[in-house]
Every structure is written in structure tokens, then in C-alpha cells.
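Thanks for coming, everyone. I would like to walk you through one structure, so please have the sequence and the 3D view open while I talk.

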Amino acid sequence: MRTAGAGPDTAGAGTDGTGADTAGARTGTAAKAGPRRVEAGERGRTTVSDRAVRRIAEHAAREALPPGDVGAVSAKVGRRGGRTGVSVALTLPYRAGVAQSGHRVRRHVARRTAALTGLPVSRPRVRVRGLTPYAGSLPGGPVAAAAPGPAGGPARRPWSERRVPAALVAFLGLSVCATLLYDVVCVRIAGRTAAPWRSRALGWLSSHGPGGFPVALSAAVTLLGAGMVLLALTPGRRRSFAMSTADGRVRATLDRSAAEALVHEAVSGVSGISQVRVRVGRRRARIRAAVEFGDREIAHRQVVTATDQALGACGLGRTPRPRVRVRTAPGWRDPGQRERVGPGSPARPGSGVS
Amino acid sequence: MNRLRSGVNRAVLVCAGLPLTAAGIALGFPEVVGRDQVPSWWPLAASGTVWVDRAALAHWRDHDWWAPAVLAGLAAALLLCLGWCLHQARSGRVSTLPLDRAGLTLDGAALAQAVARQTRTVPGVTQARVRLAGRSRRLRVRLHLVLAPDASPAAVLAHIGTHTLPEARKAIAPRHLDAEVRLRVRRRPRRRVS
């Protein structure tokens with residue numbers, strides 16, 4: 001800050017003369033305008049540098065809220081004409097009412113900066129660039145909803161946006177229009193003759209008619225059109241399933257591979273089971289496994305239980321019906337046969353299933 | 001998912017696909033069946049006509065307004081196709097969210113990171129990627145979560161619905177926030193028989 005002329009800082013209207021908690025005693029009064037007679041001690045001009053205004057704004061932002069809430073403050077000052085614009089970027093705590101906190105910071109910054117620098121600060125812009133974890137919010141406890149949203153109905157299947165086919169069609173139309181436009185502009189404005197491909201195409205069109213159209217071409221056109229209509233009418237997104245949600249404002253999907261992985265994990269946890277193959281579809285789930293040792297019936301029942309549990313835990317809107325097939329691995333031995341090793345021991349009926 | 005974009009794309013696909021199908025069938029049927037079997041009302045079956053009549057085209061070209069009309073029409077179609085093509089590439093992400101009318105803004109990435117940080121504390125979630133999308137009136141937060149193989153998706157979803165989302169809704173208080181959650185599972189490498 002430069003002080004032109006003699007005289008210590010005077011306490012102008014509304015300023016905190018010492019500028020106690022700001023960056024040094026660098027604040028001053030605004031430039032006095034007007035041709036009135038000025039006292040000797042008040043002569044001179046005080047200019048507040050941009051750096052000073054910035055530091056004041058940053059400090060004002062930090063002290064607007066309880067200490068520790070506001071972080072990573074950086075301010076920018078811009079002067080337009082007679083007005084000084086301040087914009088501050090900061091982080092606020094992630095809790096209810098971010099808008100209110102931001103509003104408080106903004107008001108405080110505007111007031112303090114104008115008071116300490118004496119400059120006419122137009123409304124400062126505050127940008128919240130981060131939300132820091134707030135110690136007061138409990139991560140464990142449930143939060144009471146402000147207004148319960150609509151209850152989730154039956155799970156709606158996610159529909160694809162068909163962006164790629166639409167982009168292809170648009171690109172095709174774009175290229176056709178662009179070439180035609182270029183040629184027409186050349187002909188009409190530059191005065192050149194029509195491009196050879198255009199006159200050839202026109203010649204072909206005016207000498208041929210709908211009769212004698214090649215079958216292959218019409219078949220291709222039909223397939224293309226039918227394919228486009230099919231794309232438009234079907235939902236798509238075949239690899240994700242809709243999950244049922246309690247809140248109507250939330251839509252959740254689970255990938256098909258995720259459902260398969262969860263069932264795979266659950267079935268592999270059954271003792272004695274190996275070579276698990278899982279295929280989950282929208283209506284059916286096929287599970288194939290091989291049992292290495294132990295009773296086959298018991299293993300089958302355990303696999304069915306594990307599958308039902310896993311599919312239930314998926315929370316899908318429509319749970320696929322499982323079909324479980326457990327076969328015996330090549331090295332499997334009937335557990336009931338181990339009893340028949342001795343020469344005299346009879347085979348117990350119903351022991352094990354071969 | 002942007003419902004407007006999806007609806008417009010599908011409508012245009014239908015409008016472009018139906019005429020193609022109809023033309024293909026109308027043109028191909030007489031060839032396949034034989035010229036004599038075609039009923040009288042079948043369109044595009046007359047064999048004497050041509051696609052473009054030179055005389056009619058010359059008559060149109062004589063008009064003064066033909067050339068400017070063609071130019072304007074082609075230019076409009078070009079701009080429409082270009083705009084529509086570029087619109088497909090937009091991700092719909094919200095970069096800054098105005099919190100009130102007087103210059104207070106919130107970065108969309110800031111809210112997304114805060115939600116992601118909270119979501120990572122949910123038991124069963126190994127990775128979380130969050131993005132904020134939509135417009136000021138209908139904000140959508142998109143969560144892509146990767147779960148552990150022994151996690152329960154229903155439980156994770158319930159936890160998100162009761163903890164994470166209400167916190168986010170309270171933070172941006174008067175606005176509404178919808179959510180789209182996509183769950184994946186990290187596969188465990190194959191292990192031996194237990």
C-alpha cells in the first residue's frame with residue numbers, strides 16, 4: 001500500500017483504525033474526493049492494494065463461521081471501474097444447510113471487507129469447492145428424512161438411451177447434408193458446374209424407376225429399417241437388472257455379472273462343492289456344480305439354500321427362479337460304501353445315494 | 001438416464017426406420033413375387049414411372065425462391081443433425097450448482113466427492129464413483145459402486161437410502177435429489193475346494 005503525501009493513517013468513518021487482526025497496519029481510508037478544503041493531516045491519498053484486499057477477504061471468510069469450519073480459502077480481487085469485485089473459493093462442512101453457511105460467509109465477507117478497506121465492495125461471489133466431513137454428523141445413526149418421498153413401487157426396468165444408434169443416424173444425415181450443401185453452394189454461389197457425382201445420380205434417378213429394383217438392396221433396406229424400429233421399441237440394457245427400492249426417488253440396478261458372482265460365491269462356500277457355473281437371467285438362474293465328497297442329496301439341498309439366500313440378498317425386483325443341478329465329480333466316492341469294506345458287514349439300505 | 005434424450009432418440013429412430021422398412025417391402029415384394037401377382041393397390045409398383053422427373057425438376061428450378069429455399073433447408077438440416085449428434089456426447093454432468101441468486105455456487109464435484117466419501121464407509125462397498133447430473137430442478141446423483149463378493153446388495157441399498165441420501169438431501173436443502181445406483185461386484189479369483 002502506498003501512501004502519497006505525509007500524514008499517518010487517519011481513522012475515517014467506520015474503519016477500524018488499527019486493523020488489529022488483519023494483515024498488519026496496511027488498511028487505510030478511501031480516497032477522498034471533492035474540492036473541499038482538506039486538513040493538513042488529511043492530505044494525501046491512500047491506496048489499498050489488491051493483495052491487502054485479498055488477505056482481508058480471506059480472513060473475513062475464515063472468521064465467518066466457528067473456527068475450523070471454513071477451509072482452503074483463496075480469494076481473487078478484480079477492479080472494474082470504481083467497484084471492487086471479490087470472489088472467494090472455500091470449503092464448507094458437509095452438513096445440513098450448506099446454502100445458509102455460504103450465505104453467512106458471504107455477508108460477513110462483504111461487510112468486513114468494506115469496513116476494513118473502505119472500498120465499495122460489490123457483492124462478493126462465493127464458490128464452495130469442497131465439502132469436508134463434519135464431526136457433528138454421525139456416520140452410524142440413521143438420519144430422519146425431511147420429507148419422505150414417494151414409496152418405491154415395482155422395480156422399473158432401466159431403459160437404454162440409444163445414444164449410439166442415434167449418433168450414427170445423425171452422423172449419416174450430417175454427412176449427406178454437408179456434401180449436398182457444399183455442392184449446391186459451389187454451383188450457386190461460386191458459379192461452378194455441378195459435381196459429376198450429383199449429375200450422375202440425377203441421371204440415374206430420372207432414368208430408373210421403382211420397377212426392377214434389385215432384391216438384395218430392398219432386403220437390406222428392409223432389414224435396416226426393421227432393426228432401427230426394433231432398437232427404438234426395446235428397452236436394451238440387457239446386462240443389468242432392476243432392484244426394488246423403498247424410496248421412489250431412487251433407482252437401482254444390479255449388473256448381471258454381479259448377480260452371478262454373488263451366487264457363485266455363495267455356492268462355492270458350500271463344503272465339498274467345486275466347478276461351479278452360474279448363469280443368471282431375467283427369469284431363470286441355472287446353477288451347475290460338482291460335488292467332490294460327501295452326500296450328494298445333502299450337498300444339493302445346501303446348494304439350493306445358498307442360491308436362494310444369495311438371490312434374495314440381491315434384492316432384485318423380480319427374483320429369477322433357480323434351477324440347480326449337482327453332479328458328482330469323477331473322484332467322488334459314495335460315503336455309504338466306506339461302511340462295506342469289511343467282509344462281514346452288511347450294506348445298510350438307504351445309505352448314501354449313488 | 002435422461003428420459004428426454006432417450007425419448008427423442010427412440011422417436012427419431014422409429015420415424016427413420018418405419019419409412020425404410022415400408023420402402024424396402026414395397027420395392028422388394030413385386031420382385032420376389034413376380035410382377036403379375038402384385039395387387040393393384042400396391043404402392044411403388046408401377047413400372048413406367050421414374051424416381052425423378054426431369055421436367056418437373058426444371059419447372060421447380062425456374063422459381064426464384066428455389067435456390068435459397070434449398071440452401072436454407074440444407075443448412076437447417078445440417079445444423080439440426082450436428083446439434084443432435086453433439087448432444088449425444090454430452091454427459092449431463094453438473095459442474096456448478098447455484099445455491100442462491102446472489103453469487104453463491106457449489107461445485108458439483110464437491111458434492112459428488114462428499115457423497116462418495118460417505119458411501120465408502122458403507123459395509124460391503126469397496127469402490128465408489130459418484131457424479132452429479134441433471135438440471136437445477138431435477139438433480140440426479142449417479143453412484144457406481146463395486147461391492148465385495150460377500151456383500152448383500154439389498155442391504156447396501158437400504159443403507160444408502162437411510163444414511164447417505166438423506167445427508168445429501170439435507171446439505172442441498174430446498175432442492176430435490178434423485179439417485180441412480182449401479183452395483184457391481186468384484187470377482188474373487190478362483191479358489192480351491194473348501
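Chain A is divided into domain 1 (50-132), domain 2 (161-200 + 227-234) and domain 3 (255-335), with bounds that come from an automatic or database domain assignment. Taken over C-alpha atoms, the centres of domain 2 of chain A and domain 3 of chain A are separated by 53 Å.

A word on conventions: this is a predicted model, in which local features need pLDDT of at least 70 and side-chain atom pairs count only at pLDDT 80 or more, while totals for chains, interfaces and linings use all residues. Residues are numbered from 1 along each chain as its sequence is written, and chains are lettered from A and ligands numbered from 1 in the order in which they are written.

Let me turn to chain B. Its secondary structure comes to five helices and five strands, where helices (H or I, at least four residues) and strands (E, at least two) are DSSP runs numbered from the N terminus, and from that end the elements of chain B run α-α-α-β-β-α-β-β-α-β. Chain B is more spread out than a compact globule, because its radius of gyration is 28 Å, well over the 16 Å that the globule rule gives for 194 residues; the radius is taken over C-alpha atoms, and the rule is 2.2 Å times the number of residues to the power 0.38. Along the principal axes, the C-alpha atoms of chain B fill a box of roughly 75 × 60 × 25 Å.

In chain B, residues 65-86 carry the UniProt annotation "transmembrane region", from an unreviewed entry, and such annotations may be inferred rather than shown by experiment. This span of chain B is 95% helix and 0% strand, and its end C-alpha atoms lie 31 Å apart.

Finally, the strands: strand 5 of chain A and strand 2 (residues 104-107) of chain B run parallel and are joined by three bridges, and two strands pair if DSSP finds at least two bridges between them. Within strand 2 of chain B, Leu104(B) is the bridge partner of Val126(A).
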